[in-house]
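My notes follow in the order in which I checked things.

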Amino acid sequence: WSSAYNVIYISNIVIEGLSATKNLTPSVQSQLLGEAYFVRAFTHFYLTNLYGDVPFVISSAYQTTIDAPRAPSTDVYAQILKDLKMAEQLLMDAEAKGAYKYVTTERIRPNSYSAKFMLARIYLYTGDWANAESYATSVISKTDTYSLLTDLTQVFKPNTAESIWQLKPYSPTQNTSEGAVFVLNGEPTGGQNNFSLSPSITNDFETGDKRKTNWVSQFTSGSKTWNYASKYKLKALPVGGEYSVVFRLAEMYLVRAEARTRNSNVAQAIQDVDAIRGRAGIPLISSTNPGISATNLLTVIAHERKMELFTEWGHRWLDLKRTNKADEVLSVIKGSNWQPTDKLYALPQGEVTNGNRPQNPGY
């Protein structure tokens, strides 16, 4: 909560300052403004998905925003879309004026396709299937810049063709945060040092799935063996060997597949699902079940999202919530430790007020 709103505060300062300045070239001003709107939208997206109704803060005047009320998540999404549309246009303007696809030779700063990517995701989450398909298509169609990698060991390397946006490690003693947390070099503690994979993930891979071969590894201590996510191979050093992948093209195929299915375009949706399944080396739906129903295809897509995006940016958690499957799935995994109110995090106690910012139920 606090770190997210700090990022939003910085974004608002940047937006206010850049909007007033006369000292920058148009391309630089558009690029920086577009990035700030994008980051503000991206951060609010995770806040509302983790906490539900949250304040949408668009001013750096902390004296007045400190008591900002919780806004309905529908209003938060509306503002996120507004920010992303602004980011898309500004970044497109910057690219037109500056004649570049990315600001640097790396993919570590958002461009207009980062905004389009996020728009596709937001439209999927809000049930606007036509726009979700359209924006996903705009990213997938950028074939001179983006493509699925056939070698799964390369997907999480710096600046690959599959990546739309990555984060470059900043610590001199660490590679990616994901590598630090997920790569096991000792018994999993569930703390700073390590998490193992649940059998609900590892047991669901189909026979021959290359994702299990390439993205799941084992650590053995004595008579015990744990599976862990090895999408990232480096726990710490050497720095620079891997970048944290925030957006990658595979998600867009799955977004478009779901949007097309929900719009009764099953035939084209199968093509998108098969792009992911084919890369994973498992049987294609077009070969094994070409007459699949829309309902059953949605089940396949949910499965593919689980197997493709596990341990990436909370996708599995957010998918269970947005499809109303969280209670059904987690009550089995966690038993009596699961409560329906667990679907939202607790607000930090210092942020709770009796009036406009009540605590979430269950806490």
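**Entry 1: helix 2 and helix 14.** I am working with a predicted model. I began with helix 2, residues 26–51, and helix 14, residues 315–322; their axes come within 11 Å and cross at roughly 60°. Angles from 65 to 115 degrees count as roughly perpendicular and those under 35 as roughly parallel, so I filed helix 2 and helix 14 as oblique to each other. I noted the crossing of helix 2 past helix 14 as left-handed. On the side of helix 2, I listed F45, Y46, N49 and L50 as making the contact, and on the side of helix 14, W317, L318 and K321. I sorted the residues of this contact into five nonpolar, one polar and one charged.

**Entry 2: an aromatic pair.** I then looked up ring pairs and found 23 aromatic pairs in the structure. I picked F42 and W313, which form an edge-to-face pair with 5.8 Å from centre to centre and 70° between the planes. Where do the two partners, F42 and W313, sit in the chain? I found F42 in helix 2 and W313 in the loop between helix 13 (294–309) and helix 14. They are 271 residues apart, and the pair links distant parts of the chain.

**Entry 3: helix 4 and helix 5.** Next I took helix 4, residues 73–98, and helix 5, residues 112–125. I read that their axes come within 8 Å and cross at roughly 155°. Angles over 145 degrees count as roughly antiparallel, so helix 4 and helix 5 went into my notes as roughly antiparallel to each other. Helix 4 passes helix 5 in a left-handed crossing. I counted 13 nonpolar residues, one polar and four charged in the contact of helix 4 with helix 5.

**Entry 4: helix 5 and helix 6.** I stayed with helix 5 and checked it against helix 6, residues 129–140. The axes of helix 5 and helix 6 come within 8 Å, and I noted a crossing angle of roughly 155°. Helix 5 and helix 6 are therefore roughly antiparallel to each other. I put down a left-handed crossing for helix 5 past helix 6. The contact includes F117, A120 and L124 of helix 5 and W129, Y135 and V139 of helix 6. How do the residues of the contact of helix 5 with helix 6 divide into nonpolar, polar and charged? I got 11 nonpolar, two polar and one charged.

**Entry 5: strand 2 and strand 3.** Last, I looked at strand 2, residues 216–221, and strand 3, residues 224–229, which pair in the antiparallel sense over six bridges. I found V216 bridged to A229 in strand 3, and T220 opposite T225 in strand 3. The hairpin of these strands has two residues between them, and I noted that G222 takes a positive phi near 65° there.

Notes: Residues numbered from 1 in each chain as written. Predicted model: local features only at pLDDT ≥ 70, side-chain atom pairs only at ≥ 80, totals over all residues. Heavy atoms only, no water. Axes fitted to C-alpha atoms, helices over the stretch in contact; angles between N-to-C directions. Helix = DSSP H or I, 4+ residues; strand = E, 2+ residues; numbered from the N terminus. Left-handed = near helix turned anticlockwise from the far one by under 90°. Contact = heavy atoms within 4.5 Å. Nonpolar A, V, L, I, M, F, W, Y, C, P; charged D, E, K, R; others polar. Pairing = 2+ DSSP bridges. Phe/Tyr/Trp six-rings, centres within 6.5 Å; stacked < 30°, edge-to-face > 60°.
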